[in-house]
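Subject: Structure for your review

Dear colleague,

Please find below the structure that I am handing over to you. My notes on it follow directly after.

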Amino acid sequence: LPLLLLFPLIQYSLAAYAVSDLPTFAKETVYFSQRDDFDNRMDSPILTPMDTKTMNQSSIAEHSLGPFVPCTNIPDDFLRCESIPKTVSNLNETGCHHFGGTKPSEVAWTNVTCRVLGQIECRGPRTFQRERPCIKYTGHYFLSTLLYSLFLGILAVDRFCLGYSAIGVGKLMTLGGLGVWWVIDIFLLATGNLMPADNSNWEPYY
């Protein structure tokens, strides 16, 4: 019963709050459509329209107010881009200087050449450079590796799956460092400090 009595009061308060945000002049609520300069504002656009009668088709396509968007703004779904090289480049070469990274500040970026698909119309150069993160995936899943570490970590299955063969042999021969190494690897995996040996990232789940 108290809630039923409070409901109309809350509804009235919300309505009063919404109306209080409207501009008021001379202690009277004035809506934007009721202002004297409303018609003038609607009849005077901010941007000057194009004169399509005096422009040819190529000029219309290149015009900033034309119907075509810049080719550099086309989404990736309508582009064909070069693959990111899987090898690490030297500092004085183009490409990825390193791979991997779990934080945005740790991820390197490189430029690849992209071209707009043939049936897509846009203005400007159809071939251009676009930035890509230096991230590669080689089939390593975080959840699977964590389960390996929990249940088979004492046999170093997690280290072998991540590509640390030499370390895995030592962990296997000591039976997970008598359990200590086993616990440490679980902690390293859970905190993101143990990644695949090839500097690849975990496979996404989507």
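**Disulfides**

Cys96 and Cys134 are joined by a disulfide, with their sulfur atoms 2.1 Å apart; a disulfide here is a pair of cysteine sulfur atoms within 2.5 Å. The link of Cys96 and Cys134 is left-handed, with -90 degrees about the S-S bond. This pair connects distant parts of the chain, 38 residues apart: Cys96 is in the loop between β3 and β4, and Cys134 is in the loop between β5 and α4 (142-152). Helices (H or I, at least four residues) and strands (E, at least two) are DSSP runs, numbered from the N terminus. Cys96 and Cys134 are buried, where buried means under 20% relative accessible area, exposed over 50%, and partly exposed in between (1.4 Å probe, protein chains only).

Please note that this is a predicted model, in which local features need pLDDT of at least 70 and side-chain atom pairs count only at pLDDT 80 or more, while totals for chains, interfaces and linings use all residues. Residues are numbered from 1 along each chain as its sequence is written, and side-chain values use heavy atoms, with hydrogens and water left out.

The structure holds three disulfides. Another of them is formed by Cys71 and Cys122, whose sulfur atoms are 1.9 Å apart. The link of Cys71 and Cys122 is right-handed, with 90 degrees about the S-S bond. Cys71 lies in the loop between α3 (57-62) and β3 (79-81) and Cys122 in the loop between β4 (109-116) and β5 (127-133), so this pair ties together parts that are 51 residues apart in sequence. Cys71 and Cys122 are both buried.

Cys81 and Cys114 also form a disulfide, with a sulfur-to-sulfur distance of 2.0 Å. Cys81 belongs to strand β3 and Cys114 to strand β4, so the bond ties together parts that are 33 residues apart in sequence. The torsion about the S-S bond of Cys81 and Cys114 is about 110 degrees, so this disulfide is right-handed. Cys81 counts as partly exposed, at 27% relative accessibility, whereas Cys114 counts as buried, at 1%.

With bonded cysteines counted along the chain, the disulfides follow the pattern 1-5, 2-4, 3-6.

**The sheet**

Three strands form an open sheet in the order β3-β4-β5, with antiparallel pairing. β3 and β5 stand at the edges, each with a single partner strand, so one side of each is left without a neighbour in the sheet. On average, neighbouring strands of this sheet are turned by 45 degrees against each other, direction ignored; the axes are lines fitted to C-alpha atoms, for helices over the stretch in contact, and angles run from 0 to 180 degrees between N-to-C directions.

Two strands pair if DSSP finds at least two bridges between them. Three bridges join β3 to β4, and Arg80 has Arg115 in β4 as its bridge partner. Seven bridges join β4 to β5. In β5, Thr110 has Arg132 as its bridge partner, Val112 has Arg130, and Asn111 stands opposite Glu131.

In a regular strand the side chains alternate between the two faces of the sheet. In β5, the covered face consists of Phe128, Arg130 and Arg132, and the uncovered one of Thr127, Gln129, Glu131 and Pro133.

**His140 and the annotated regions**

His140 is found in the loop between β5 and α4 and counts as buried, at 14% relative accessibility. The side chain of His140 reaches the backbone oxygen of Cys161 at 3.4 Å. Cys161 is partly exposed, with a relative accessible area of 33%. Leaving aside neighbours within four places in sequence, His140 is in contact (heavy atoms within 4.5 Å) with residues including Cys161, Leu162, Pro196, Asp198 and Trp202.

The unreviewed UniProt entry carries the annotation "transmembrane region" for residues 139-157 and 169-190; positions are given in the numbering used here, feature names are shortened, and annotations may be inferred rather than shown by experiment. In the model, residues 139-157 are 63% helix and 0% strand, with the end C-alpha atoms 16 Å apart. Residues 169-190 are 91% helix and 0% strand, and their end C-alpha atoms are 22 Å apart.

With kind regards

Terms used:
Polar contact = N/O pair within 3.5 Å; in protein donor to acceptor, adjacent residues only side chain to side chain.
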